[in-house]
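Hello,

Here is the structure I said I would pass on. Please look it over first, then read my notes below.

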Amino acid sequence: MKRMKSRIIFLVGFVLLWQIIYTLNVFPDLLFPSIKEIFSSLIKGIVEEELLLKTLNSLKIIFIGMSLGVITAIILMGISLINKFFYNLVDNIVIFLNPIPSMAIFPLCILWFGIGQNAMIFLMLHTVIWGL
């Protein structure tokens with residue numbers, strides 16, 4: 001309960017600070033809109049611009065990438081349990097690819113898959129598989 005109360009106080013304080021900065025015109029309205037404008041744009045996006053469908057599509061891409069990553073990790077684990085040779089092979093692949101951050105692979109993804117769902121799924125796969 002105490003944690004919830006502190007979160008509500010933080011949220012209310014943040015909103016008040018935002019509104020004060022907006023009222024003082026510290027930043028241009030385009031870069032720092034009022035809370036009212038933000039919520040009206042959110043409602044408009046949900047009602048008129050299919051924001052919920054686009055959000056569900058993004059969650060679908062994340063789910064596919066994470067599922068493929070888990071399945072691939074399980075397959076690699078199973079292969080590595082067959083014998084010592086496959087264990088060393090999978091271990092070398094993991095040692096080689098694990099330290100490469102996803103942002104370093106991003107330009108290659110664009111070249112290989114273009115800008116779209118396949119590139120995002122591949123990045124999710126790369127991110128998930130080495131953590132497992």
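**What I found**

L123 sits in helix 6. Helices here are DSSP runs of H or I with at least four residues, strands are E runs of at least two, and both are numbered from the N terminus. L123 has a relative accessible area of 12%, so it is buried. Buried means under 20% relative accessible area, exposed means over 50%, and partly exposed lies in between, using a 1.4 Å probe and protein chains only. Setting aside neighbours within four places in sequence, L123 contacts S102, I105, F106 and C109. Contact means heavy atoms within 4.5 Å. Take F106 from that set: L123 and F106 are 17 residues apart in sequence, and their C-alpha atoms are 7.3 Å apart in space.

Two notes on the basis of all this. The model is predicted, so local features need pLDDT of at least 70 and side-chain atom pairs count only at pLDDT 80 or more, while totals for chains, interfaces and linings use all residues. Residues are numbered from 1 along each chain as its sequence is written, and side-chain values use heavy atoms, with hydrogens and water left out.

Helix 3 covers residues 51–80, 30 residues in total. From first C-alpha to last it reaches 43 Å, close to the 44 Å expected at 1.5 Å a residue. The expected span is 1.5 Å times one less than the number of residues.

Which residues of helix 3 are buried? They are I61, G65, G69, A73, L76 and S80. An α-helix has 3.6 residues a turn, so residues three or four places apart point the same way. The cover over the buried residues of helix 3 includes helix 4 (84–97) and helix 6 (117–131).

The axes of helix 3 and helix 4 come within 7 Å and cross at roughly 140°. Axes are lines fitted to C-alpha atoms, for helices over the stretch in contact, and angles run from 0 to 180 degrees between N-to-C directions. Helix 3 and helix 4 are therefore oblique to each other. Under 35 degrees counts as roughly parallel, over 145 as roughly antiparallel, 65 to 115 as roughly perpendicular, and the rest as oblique. Helix 3 brings L76, I79 and S80 to the contact, and helix 4 brings F86, Y87 and V90. By class, that contact of helix 3 with helix 4 has five nonpolar residues, one polar and no charged. Ala, Val, Leu, Ile, Met, Phe, Trp, Tyr, Cys and Pro count as nonpolar; Asp, Glu, Lys and Arg as charged; the others, Gly among them, as polar.

S80 deserves a look of its own. S80 is in helix 3. Its relative accessibility is 13%, so S80 counts as buried. A polar atom of the S80 side chain lies 2.7 Å from the backbone oxygen of M77. Not counting residues up to four places away in sequence, S80 touches F86, Y87 and V90.

Helix 1 runs over residues 2–23 and has 22 residues. Its first and last C-alpha atoms are 31 Å apart, close to the 32 Å expected at 1.5 Å a residue.

How do the axes of helix 1 and helix 2 cross, and within what distance do they come? They come within 9 Å and cross at roughly 110°. That makes helix 1 roughly perpendicular to helix 2. V15, W18, Q19 and Y22 of helix 1 meet I35, E37 and I38 of helix 2. By class, this contact of helix 1 with helix 2 has five nonpolar residues, one polar and one charged.

Now the loop between them. Is S34 buried or exposed? At 6% relative accessibility, S34 counts as buried. S34 lies in this loop between helix 1 and helix 2. S34 touches W18, Q19 and Y22, leaving out residues up to four places away in sequence.

N25 is in the loop between helix 1 and helix 2 as well. N25 is exposed, at a relative accessible area of 54%. Its phi is near 55°, a positive value in a residue other than glycine.

P28 is also found in the loop between helix 1 and helix 2 (35–47). P28 counts as partly exposed, at 47% relative accessibility.

**One more loop**

E50 lies in the loop between helix 2 and helix 3. E50 has a positive phi of about 55° although it is not a glycine. E50 is partly exposed, with a relative accessible area of 47%.

Best wishes

Notes. A polar contact is a pair of N or O atoms within 3.5 Å; within protein, one must be able to donate a hydrogen and the other to accept it, and residues adjacent in sequence count only if both atoms are side-chain atoms.
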